[in-house]
Structure formats: C-alpha cells, structure tokens
Amino acid sequence: MTALPSPKDEMWRYADRTALAEVWDALSPPEMLQIAAHNEVQQIWQPSGEEIEIRRATITLEKGARLSLYALNSASRYGRIELDVKLHEGADFAFDAANIGGGSATLEIVTTVRHVEPAANSRQSVRTVLGGTATGSYAGQVAVARDAQHTTSEQDIKAMLLDRGATANAKPELEIYADDVACAHGATVGELDPVQLYYAAMRGLPPEEAKALLLEGFVGGLWDALGPDSPISVEAREQLRAMTR
Amino acid sequence: MLKIENLHVAVGDKPILKGLDLEVPAGEVHAIMGPNGAGKSTLAHALGGRPGYDVTDGSVAFAGEDLFDMEPHERAANGLFLGFQYPVEIPGVSMLQFLRESLNAQRRTRGEEDLSGAEFIKLARGQAEALGLPADMLKRPVNVGFSGGEKKRAEMVQMGIMDPKFAVLDETDSGLDIDALKAVGEGINRIMRAQNKGVLLITHYQRLLNYVKPDKVHILVAGRIVKTGGPELALELEEEGYAEVMA
C-alpha cells in the first residue's frame, strides 16, 4: 500500500490520522460501481458498528442512469465516506447522507462529482449532528466539463452543534468549464433553536425529548423517501436520542 | 385558578412587568387589553417560563401550586396551555408526530399511560375537523407553510388535543379573517368554557370578544393592571381609545 496521504491533501485534511494509520495498510481500494445506461439503482449504506469505518466508491453512471445513495456515517471513532462519481449524459445522482457523532469521533464525507457530458443532474444533501468534541466534515467538489452543458447540481450542507467543543467543517466547491449550467451550493452551521425548544416545552416535551425530536427533524428529511421505519432512519433516530440523553 | 401577585418581570435588564396583580377564578374567561409595549406578551411568556424572561419578584399560583417551581414542560403537563402569537415552525417534524409525542410526554409526566397511535389519530382528526382545518395538514411539518390563519387554527387544534385546565392565548386573534376568527372563537368556547377551566385572552382588539364573551376585562399599561371592568370596558376602549378610557 502507498504511504499515508499528506494532511496538505485537501481530500484528507480533516481525517483522523492516528486512526487512519491503524487501518491504512489493510484498507481495500475503492469499490467500483458501474450503472449501465438507463438503469436505476438505490443503495443504502449503514454503519457496520466498527469504531473505525472507511467506505470508498468509484462510481460511473452511464447515459441516463440513476443512482440514489443514502448513507449514515457514524463510526464511534473515525468514519469516512469517500465518493468519486462520474456522470455521463442525462445521468442522475442523488446523495443523502448524515454524519452523527459524539465523544471525540471524527466523521467526514468527501465527494468528487464529475459532470463529463451534458444534461446530468447531481444533488447532495448532507446533515451533520455533533456533540462532545466530535468533528464532522464535508468536502465536496463538483467539476463540470466544457461539454457538460445543461448540468444541474446542488450541494446542500447543514451542520448542528450540540456542544461548544464540537467542530463542523463544510467545503462545497465548484469547478465549472461549461457556460450553460445551474449549480447551487450552500452550507450552514448552527445550534438548536431555543425558540423551537421553548415551543416544544410548552406543549409538554421535556428538554431531552424536545432536542431529540428537533434533531430528528433536522436529519430526518434526508430519508423521507425510504419511510420513517426504514432501518437507516431508525438507527439514526436511536443515535440522536442517545446523544441528547 | 390562576393567581398572579405583584409580578415583576425583566427581559434582559429592562423591567417590563412592574407589580402586576390578577386573579382568574375557575370557570371564567378574562381578557387583557393594552397598548403596544404594555407587557402583554411578556406576561404570557413569563407564565410559560420562556428563557430570557426573568421573574424578579412576585408569585403565581396555578391550581394551588407555585407555577415558578415548575419547568416549562411541567407547567404544560399540569394543564397550562400557551397559545403563541407567532406559532413556531419546526421543519422536518410532522404536526402529528409533534403532538403525539407532546401529549404522551404530558401523560407520562402525570403518571398516565401513553395514548395508542389509533386513539391519538382519532382525537387529532376530530379536533382538526372541529376547527375547520383539513386533517391532512396535520401530516405536514409543524406550522411550515401554514398561512397566518391556519397557524392560529392549528394552535386551537393543539389546545383541543391537550385539553388543558387553563389557557393563556396571546393575540390568538391577530391576522385572522372573519371566518377564521369565528372558528377560533368557537374553538375557545367549546374547549375551554367549563366550570373547572379558565382562560386569559390577550388581545389588542375587541372583535374576538364578540365570539368569546369575557367575564372580566383588564387594561394593562406600562406593566401594571390599571383598570378592570366587565365586557363593556372592551367596547369603550374600541370606541374611545386607551387615552380616553384611562383619563
């Protein structure tokens, strides 16, 4: 295996290097996922329960192919999801993911989305909830090639910090060489809204239940398409409840 | 049922309520009227226990207990309902989930069993229908995308579901058209007009009082109740304004 990536490498800047060093030699190369023209695929990535978990994929969507990828990144020590996605003409990529962690966890989602041909769509929604001294990051690059006219892309990145010691990093990036495209990105970092908490208290919810409910609302929209009882939603809900207790 | 004595409340460093006395016995509806900045909403939020509203003196007894000994969620579980002037939006949480969890949290605080999903849905649908709010709206996120009138109707649906002992309604009539005003007024009467319940209506205008006839009207100016009378006092105010009535 090659040497550890340098901390100057933007894609590895926020990694937990100690944890990374422990697993680096055994790390599998990224899984390859190729979706044939006009095929439609859904994938759900749930955490394995390992304290260090790195999941990487190199994905190609052929003409008119569609991929919906749902992911929960919540390893207790170091969790990383890394995607390199190439979109051919008219392909559609939707990524809905959450970083959820407390303690001293380091969680990161790192994506590169390449629009190499016209009229493809990509949409990424990432919600991060952090407690303790956890760090959660999103670094996402969208690259639109010269020929990729009529590209639409969106990066919607939001983080919520529950404790003063927690840190969120958000770095959506656009590199556009075509002139007729619609690419949007936004990033916010915030705290639970005291007015919402008060409203919930006035309806009878004790503070910890009110917090859990608001956090569920913050994250929950990601997986609406899967339904409230999908395993990924249930697992995220349990983790959020554990963080507010 | 609600007895407020010498209440002083500051928001930040600024004293807003300066020795307010008020008693609402069970079975009565009282209205509080007053000019902008008199402290009407401050009174509502002090009763609710909103962070940042500091009670610096005085006491409030609610159903014989010290209100300020209770956390906000305990006040709710003990039967206090606060209708918000600006109902709060909670994206991502459906009204049904919010209300079911809230009601069951109240029940648990009181040592009662949770309501089942089916029982809750039946209750919620019934209350929505009674207020003329399409039951499907309860599947939407809390107050998100609701019009002003829908938000206020939804507050009354919430009140119907919680079935409180005492309601403090902070400008529940503001921003309502005639139909919504009538629906909200009827809702207050249906849910809260009972021998063992009480209501404190905070309002700028007399018009809600056409539908909900108050037993007493209090005028709040500069943090104190300066005049108390019957329903006719509201009419006088409407015609003559605060300056005349106070003179």
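Over how many bridges do strand β1 of chain B and β2(B) pair? Strand β1 (residues 2–11) of chain B pairs with β2(B) over 8 bridges, and the two run in the antiparallel sense. The model is a predicted one, in which local features need pLDDT of at least 70 and side-chain atom pairs count only at pLDDT 80 or more, while totals for chains, interfaces and linings use all residues. Residues are numbered from 1 along each chain as its sequence is written, and chains are lettered from A, with ligands numbered from 1, in the order in which they are written.

**The sheet of chain B**

- In chain B, 4 strands form an open sheet in the order β2-β1-β4-β5 with antiparallel pairing, where two strands count as paired if DSSP finds at least two bridges between them.
- The edge strands of this sheet are β2 (14–24) and β5 (65–66) of chain B, each of which pairs on one side only.
- Helices (H or I, at least four residues) and strands (E, at least two) are DSSP runs, and they are numbered from the N terminus.

**The sheet of chain A**

- Chain A holds an open sheet of 6 strands, which follow the order β1-β3-β5-β7-β9-β11 and pair in parallel.
- At the edges of this sheet stand β1 (31–35) and β11 (167–176) of chain A, each pairing on one side only.
- Neighbouring strands of this sheet are turned by 10° against each other on average, direction ignored, with axes taken as lines fitted to C-alpha atoms (for helices over the stretch in contact) and angles running from 0 to 180 degrees between N-to-C directions.
- Strand β7 (residues 106–115) and strand β9 (residues 135–144) of chain A run parallel and are joined by 10 bridges, and A:E108 has A:S137 in β9(A) as its bridge partner.
- Helix α1 (residues 17–24) of chain A lies across β3 (52–61), β5 (78–87) and β7 of chain A, and this helix runs at about 75° to β3(A).

**Where the chains meet**

- The contact between the chains takes 22 residues from chain B and 20 residues from chain A, two residues being in contact if their C-beta atoms, placed from the backbone, lie within 7 Å.
- On the side of chain B that touches chain A, the elements giving two or more residues are α2 (72–77), β7 (90–94) and α3 (95–109) of chain B, and the largest share, 7 residues, comes from α3(B).
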